[in-house]
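Thanks for making time this morning.

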Amino acid sequence: SRFTRPSFSAAASMASSVPQLLLRQARHAGHLTSPSALCSASAARSLRPLEALAVARPLALPWLQASLLASPNGLAPSKGPLGASWGPGGGGGVRHRRGGIFRAYVRPPERQALRAVRDEARLKRHGISRYNKRWRSWAQNRVRQYQLPLPVTLTSDTSLMDATYITSCVQKAAALRKHDVGLWRGYSQRILELKNEFLPEQLGYVLWGYGKSSFLDGSFYRDIMPTVKKQLPDFQSHALMSLLWTMKRVKWQDKDVVKLSAQHTLQSMDSLRPPDFVKIANCLASLGLKDSSLRASLSRVAISKLDQCTAQQFRDAVNPVAIGFLWTDEVVVYLLERFRRIFITARPIHLMKAYECAVVTRVQRPEAWRSLSREAKQFYVRLSQRHISASNKEPTPMHWDVSRHLADLGEAHRNAFRWGPFEIDIGLEELEEDERRRCLMVDTPSAFFYGTDQYFPPRLLQHQLLTNLGWDVRRVRWDDWAKLEAGSDEKRPYLQKLLEGSKPVGADLQDRPPKSPADVQKSLQNFRAMLRMTEEQEKAAKSATKIDLFEI
């Protein structure tokens with residue numbers, strides 16, 4: 001606020017007018033009714049300023065205190081146009097809610113001051129907590145917190161770079177969002193040549209840069225992981241977080257690295273930063289940590305670590321995959337209860353995740369849901385009823401191909417819509433005999449670990465929740481779709497067979513026996529060739545039906 005509390009000298013200088021004001025306004029309001037009060041106020045007329053202020057203090061009314069604190073020039077209210085409603089929230093001739101004790105004469109400067117005080121109070125109530133946000137992404141905040149000071153040129157000759165220089169280049173290229181494939185391939189080749197010269201901290205920055213850029217090169221990750229495993233016991237908080245975060249971003253499957261990372265997390269718990277621990281826990285759950293003893297150990301130390309998080313850091317801890325696959329009921333209750341108190345700092349993506357966490361808890365952890373307080377349950381019920389802005393998932397070319405063949409079969413359906421916190425790829429309009437609805441989930445290569453045919457754990461959780469909530473979920477896998485030639489009649493019988501019968505409620509999604517990386521790569525090449533051929537056929541069909549207005 002531009003207005004500050006007046007000094008004692010300023011208050012004393014205006015005290016000569018206080019007795020007159022007290023008598024006039026207090027009588028008007030009916031606050032001076034006793035003889036002792038009238039005598040005290042009458043005697044105050046002959047007192048010096050400081051003595052008059054001392055006499056006036058016991059008689060000070062809330063409206064007078066507000067005027068002394070709010071007036072920027074130390075002047076008390078005097079005669080003027082009949083205006084304001086003074087008191088809590090009052091001022092400027094406008095009654096705020098039920099504010100005001102009585103009506104008083106307010107001069108224009110004082111009315112302006114009181115209006116400013118009222119606006120500032122409203123700002124504090126509704127605005128300051130909302131301003132406690134960081135509108136940049138988490139990765140950009142990380143860029144601003146941990147910058148390498150070495151000045152570098154990104155396009156320098158990589159053969160001349162040492163480990164320190166190329167680490168700074170990778171960090172800077174990722175921070176500036178340089179998505180030049182040739183640039184990153186040159187970095188990858190040089191990093192593999194120098195992989196034994198990197199310090200653990202430098203490896204952390206390199207991995208963070210690759211995760212930030214989402215550069216996918218299977219040979220690079222396969223060759224760098226042995227070095228990472230060797231130096232993993234020396235990783236500090238930032239490097240450990242960067243390793244798991246990068247693996248999650250590129251969906252890299254390495255069970256040994258995940259298990260070693262979980263063990264190292266427990267051993268170095270005291271030195272981990274709270275926000276890094278949040279990221280590590282979420283990534284361990286998303287990468288499919290299966291060891292029950294490690295999950296129980298992480299749950300035992302989680303609450304003490306999460307207590308050290310600020311509101312902005314804690315909002316990322318409410319993660320549906322971690323609640324579904326990692327935490328115990330005690331940690332789940334703590335997460336949901338605390339998020340209710342700090343939700344004002346959450347962005348829409350955090351609110352949507354909290355909504356999904358409530359659904360996961362209600363469906364998979366009924367004991368934890370019953371342990372929540374009544375206020376927490378009401379909060380999540382209201383959260384499910386409010387509008388949360390979220391970007392819709394854009395259908396992929398494979399999605400459109402499946403949709404066209406469903407339309408040829410006469411199946412009325414809806415594409416790419418949101419049902420609660422979940423995204424449905426294709427929902428069929430016709431109900432089954434048991435009044436369940438069917439949906440088709442299109443599993444492109446992004447639904448699996450990189451270079452494998454094994455499902456990414458968030459997909460497993462999504463399937464389990466949808467089936468438990470009454471959906472009959474059918475899945476169209478990309479490797480099955482790639483076996484069907486583009487433009488052939490094999491796709492319609494495949495979809496008819498897929499939609500036959502009904503699946504049991506709550507059926508889990510099972511992985512197939514893993515194929516070799518060479519077989520998966522060959523299937524991926526066939527899949528891409530099929531998509532290209534389908535796109536060419538669509539363009540040819542559109543050009544054949546195109547109407548030339550000049551020929552009409």
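I would like to begin at one residue pair, where Leu431 stands opposite Arg437 in strand β5. Please keep in mind throughout that what we have here is a predicted model.

That pair belongs to the contact between β4 and β5, residues 437-443, which are joined by three bridges and run antiparallel. Between these two strands there are five residues, forming a hairpin in which Glu435 takes a positive phi near 65°.

Now let me move to the other side of β4. Here strand β3, residues 413-419, is joined to β4, residues 422-431, by six bridges, and this pairing is again described as antiparallel. Along it, Asn415 stands opposite Ile426 in β4, and Arg418 stands opposite Glu423, also in β4. The hairpin of β3 and β4 has two residues between the strands, and Gly420 in the turn has a positive phi of about 65°.

How many strands does the sheet have, and in what order do they come? There are four, in the order β3-β4-β5-β6, and the sheet is open, with mixed pairing. Its edge strands are β3 and β6, the latter covering 471-477, and each of them pairs on one side only. On average, neighbouring strands of this sheet are turned by 35° against each other, if direction is ignored.

Let me close with the confidence values. The chain averages a pLDDT of 81, and 76% of the residues score at least 70. Over residues 1-23, however, the pLDDT is below 50, although this stretch has 43 contacts in the model beyond near neighbours in sequence. Residues 25-102 likewise stay under 50 in pLDDT, and for them the model has 136 contacts beyond four places in sequence.

Note on methods
Residues are numbered from 1 along each chain as its sequence is written. This is a predicted model: local features need pLDDT of at least 70, side-chain atom pairs count only at pLDDT 80 or more; totals for chains, interfaces and linings use all residues. Side-chain values use heavy atoms; hydrogens and water are left out. Two strands pair if DSSP finds at least two bridges between them. pLDDT is the predictor's confidence in each residue, from 0 to 100. Contact means heavy atoms within 4.5 Å. Axes are lines fitted to C-alpha atoms, for helices over the stretch in contact, and angles run from 0 to 180 degrees between N-to-C directions.
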